[in-house]
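Subject: Structure for your review

Dear colleague,

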Amino acid sequence: MKITFFGATREVTGSCYLVETEKTKLLIDCGMFQGSHFTSASNFKPLGFEAKTIDAVAVTHGHLDHVGRIPKLYKEGFRGKVYATPPTCEIARVIMEDAEQIMAEDLRRNGTQKLYERNDVEEVEQLMMPTDYGKSVHVNDLSIRFHDAGHIFGSSFIEVTEDGGKTAIFSGDLGNKNVPILRATEQLPAVDALVIESTYGNRVHEDDSTRVTRLHDAIVTTVKQNGVLVIPAFAVERTQQVLYELNHLVENRLIPAVDVYLDSPMAIKITDVIKKYPEYYNKEALALSATGDDLFDFLGLKVCMSRDDSKAINDSPRPKVIIAGSGMMNGGRIQHHLVRYLSDKRSTVLIIGYQSSGTLGRRLYSGEKVVDVLGEHVQVRANIVSIGAYSAHADKPQLIDFIKNAKALPKHVYCTHGEEDASAALATAIAEELHVTADVPRPGDTIEV
């Protein structure tokens, strides 16, 4: 079995790994590269392999940087099956359709080239094969099994075994601990080669107990200042976590009354998908759901599906909370709210997810005082706050524990899906603490398992 790395090597986006045997070519993910622009120029480069020769794609989860180039793969000749868990199939559909719509708008406004067409997305949807956790599917001489990664709803790490041969596991993205709604990450099976994410390979998250407390404090401060709390939220998982915890704070009267605007059509659609699969909830969320409590709804929540709904937020009275995408602030409705409120000293921008290098979110997180948003130079006077405990990714200690607690330590670990410093730090820690050989692949590297 050979593995070639075609994305997310020494960077965080564009996950794509090719597994090859004498009989089979299997892709693990085929994600979009993201950066300062919604569609990075890297997405238009050759895939590095012939799309029509790929037998199947196995998808770890529905985030854009893991599924965003599958329609391009189809456009270039791929006609195999796409395997993923049932929630991931539905989430990926929403994500890909939204991406195509954004690209279509960019084409109309700026003449920006599109990566693929709506028809390509629709054809990919027909190729999707929902596959639940623990069930094996066979593609020629390869067996594929999905395990719960605890990262986002329906996320997996994928076990690939060659008939009579070696086993490789691809972590996708591994989840943070004690996250609302989600079940814990499954134990790592015995494996020859492990390809593991390293997004936070050089960092330690805040204690998860601070998550609700700091959200509570941000809302109380906003109300006292008669300000606006702007939460740039990823449509998948982070938004639902915030809604879940706001539901708790509101229903237990732990925060003052305040209007909350969910200004993300994609997040609204994803929330509807999550409601369809209570069997994937953790015990706490499942028990709460069984009482009839809508986990994602509460007094004061206003859902903004249309553009007119979104524009109406501007005229709504203060104080207020606005949850909008995109999470890294490099597109979507959040930019309109940032233009309006970044220069307001009474307002707060609450960062609750990873901000890739080159994004507007990273510039704000890094403390820049003037940023360009929608063609305007905006003074940053709002309070910029980050809550690391909301991250959907495991941090360095959790990644080490994931490997250490395996049924048997892997023979070799490859650190991907992280900026170079983070990947190198994790590889060093794995070698020093676990005495397992660990490397950081470069783009296009091929390894033999």
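I begin with one residue. D344 sits in the loop that runs between α10 (334-341) and β16 (348-351). Please bear in mind that the model is a predicted one.

Is D344 buried or exposed? Its relative accessible area is 13%, and a residue counts as buried under 20%, so D344 is buried. The side chain of D344 reaches the backbone nitrogen of R346 at a distance of 3.0 Å. Leaving aside residues up to four places away in sequence, D344 touches R318, R381 and A382.

Turning to the protein as a whole, the secondary structure consists of 13 helices and 22 strands. Buried residues account for 60% of the 449 residues. The C-alpha atoms fill a box of roughly 65 × 45 × 40 Å along the principal axes. A compact globule of 449 residues would have a radius of gyration near 22 Å, and the protein, at 21 Å, agrees with this. Of the contacts between residues at least 6 apart in sequence, 75% join residues at least 24 apart.

Yours sincerely

Conventions. Residues numbered from 1 in each chain as written. Predicted model: local features only at pLDDT ≥ 70, side-chain atom pairs only at ≥ 80, totals over all residues. Heavy atoms only, no water. Helix = DSSP H or I, 4+ residues; strand = E, 2+ residues; numbered from the N terminus. Buried < 20%, exposed > 50% of the residue type's maximum accessible area, 1.4 Å probe, protein only. Polar contact = N/O pair within 3.5 Å; in protein donor to acceptor, adjacent residues only side chain to side chain. Contact = heavy atoms within 4.5 Å. Rg over C-alpha atoms; globule rule 2.2 N^0.38 Å.
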